[in-house]
Amino acid sequence: MPRPISALIDFSALQHNLSIVRKHARNAQIMAVIKANAYGHGLLSTVSALRSADAFAVLELEAAVRLREAGVDHPILLLEGYFSTEDLAVVDQYRLSTVIHHEEQLVMLLASKLKNKLNVFVKINTGMNRLGFTLGDAVAALNTLKSHPIIGNITLMTHFACADDPLQKIEIMEQIKYFSVIQKKFHLPCSMANSAAILRYPETRADWVRPGIMLYGASPLLDKTAAELDLRPVMTVTSKIIAIQHLALKDKVGYGSHFQADRPMRIGIVACGYADGYPRHAPTGTPILVDGQRTRIVGRISMDMLTVDLTGIEHANVGSNIILWGKGLPIEEVAESAGTISYELFCALSSRVETQTIMNENQ
Ligand SMILES: *Cc1c(COP(=O)(O)O)cnc(C)c1O
C-alpha cells in the first residue's frame, strides 16, 4: 500500500471556476495560466479540464512542447519568452506564441530565420519593474515588430503589482494610465488582468484575461474568501493518522521539543511533512481537519510527519482521515497561518505526493 498521502484534483471544480472566470471576463478571451505544473495541480489533466479556455500560458518551454505533443492545439504563450536562439527555433517548430519583454529577445528574433508566423505579446513595464519595455523602448520595439514580415498578431501586455489589495487601487490606476499611452498610439489588442484584477477591476479585462490562482479555487483577493467569490477548491491534500501518542502533563512533542502539553492529551501522527510540500514554518495552531473536524497542528513539522491535537475528537484513531487543505479547509487559512500565500503551497507540493483526478465530486 502506498503511503497514505495524496492530492485529489477535482475536475468539475476546475470547470466551475473557469465558468466564474468566463462570467467576469464577459467578452474577453481567456488565457488559462498553467505555469509551474498548473500551480502544482498537474499539467495535462488540468488542461483537459480547461479545454474550453481560449489559450494557455506557461513559462517552461518543455511544458509547452508537452502540451503540443499531447495534441493541445490552443494558442500557447510563453510568459517569459525565449532565453536563446535555440529556444526560438522550438517556439517556431511548435507554433508557440511568445512574450517579448526585452531588447535582447528582439535581437535574437531579428537574427533568426523562422518558418512560421510568430504571434507575440509585447510586455510593457508599467510600474512593477520586473519584466517589460519602458514606453520609449516599447515604441521602438513595436515599430520594428510591426514592419517585420514574420510577425503575426501583436498584443500589448502588462502585469499588475497590487491588484489583490483593496488599499492599493491608486497603484493600479497609475499602471493603467501608463499602459493607455501605448494603447492609444498603437491600437493593438491588449492583455492586463490576472485573477485579482479580473475580479476587482472590470476595466482591465481588455481583449485577453490571464487567470491563474482563481482557476484553482483559491481567492486572489486579500479581502474576500474563495467561497465569497463562488470559487471551489480544486486540490484537496489528504492523508491519514498513522500513530497515536498519549501525552502526560509537560510531555513534549517532536524536534526541538517545541510543544509542551499543558494537560494530558492525545495527539495523532499524520503522514505528511515538509518533504511532501507542507510548510515547515507552519506553527502550532495551524488548522487541519481530522475526520472532518477542525483542530490544530502542535509542535514542529518534520520531514515526513506532523502532529495534531486530538482534544475533543475522541473517536480519532490510526486510519482517521486528514485534510491538510482543500475541501472544508481553505488553503488560504493554512497559508496565512504559515506566513505565506496559497500560490506557494500549491507550487511546493512535492512530486512524491500522488495526484488523483476525481471527476464529479459535488460540494
Ligand atoms: C502567473 C501570472 C498570471 C496569473 O496570475 P494569478 O494571480 O495566478 O491569476 C498572469 N499573468 C502573468 C504574466 C503571470 O506571470
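Leucine 77 counts as buried because its relative accessibility is 0%. Buried means under 20% relative accessible area, exposed means over 50%, and partly exposed is in between, using a 1.4 Å probe and protein chains only. Leucine 77 sits in strand β4. Strands here are DSSP runs of E with at least two residues, helices are runs of H or I with at least four residues, and both are numbered from the N terminus.

What does leucine 77 touch, leaving out residues up to four places away in sequence? The list is Met31, Phe56, Ala57, Val58, Ser97, Thr98, Val99 and Phe121. A contact means heavy atoms within 4.5 Å. The C-alpha atom of leucine 77 is also 8.2 Å from that of alanine 64, a residue 13 positions away along the chain.

Before going on, a note on the source: this is a predicted model, in which local features need pLDDT of at least 70 and side-chain atom pairs count only at pLDDT 80 or more, while totals for chains, interfaces and linings use all residues. Residues are numbered from 1 along each chain as its sequence is written, and side-chain values use heavy atoms, with hydrogens and water left out.

Alanine 64 takes us to helix α4, residues 61-69, where it is one of the buried residues, together with Leu61, Ala63, Val65, Leu67 and Arg68. Those buried residues pack against α3 (43-49), β3 (55-58), β4 (76-78) and α5 (85-93). After α4 comes glycine 71, with a positive phi near 90 degrees.

Is threonine 46 buried or exposed? Threonine 46 is counted as buried because its relative accessibility is 0%. Leaving out residues up to four places away in sequence, threonine 46 touches Leu14, Ile34, Ala38, His41 and Tyr216.

Now two residues with the opposite label. Asparagine 129 is in the loop between β6 (118-123) and α7 (135-146), and histidine 187 is in the loop between α8 (169-186) and β8 (190-191). Asparagine 129 counts as exposed because its relative accessible area is 60%; for histidine 187, also exposed, the value is 67%. Neither is a glycine, yet phi is positive in both: near 55 degrees for asparagine 129 and about 50 degrees for histidine 187.

Next, the ligand. Which residues come nearest to the ligand? Of the 14 residues around the ligand, they are Lys35, Tyr39, Ser195, Ile213 and Tyr343. To be near, a residue needs a heavy atom within 4 Å.

There are polar contacts as well, meaning pairs of N or O atoms within 3.5 Å. A polar side-chain atom of serine 195 is 2.5 Å from a ligand oxygen. Glycine 212 uses a backbone N or O atom, 2.9 Å from an oxygen of the ligand. In histidine 159, a side-chain N or O atom is 3.5 Å from a ligand nitrogen. On its own the ligand exposes 390 Å², and the protein buries 92% of that. Such areas come from the Shrake-Rupley method with a 1.4 Å probe.

Last, the whole chain. The chain has 11 helices and 18 strands, and 54% of its 363 residues are buried. Among contacts with a separation of 6 or more, 64% are between residues 24 or more positions apart. The C-alpha atoms fill a box of roughly 75 × 45 × 40 Å along the principal axes. That is all from me.

Definitions and conventions: Polar contact = N/O pair within 3.5 Å; in protein donor to acceptor, adjacent residues only side chain to side chain.
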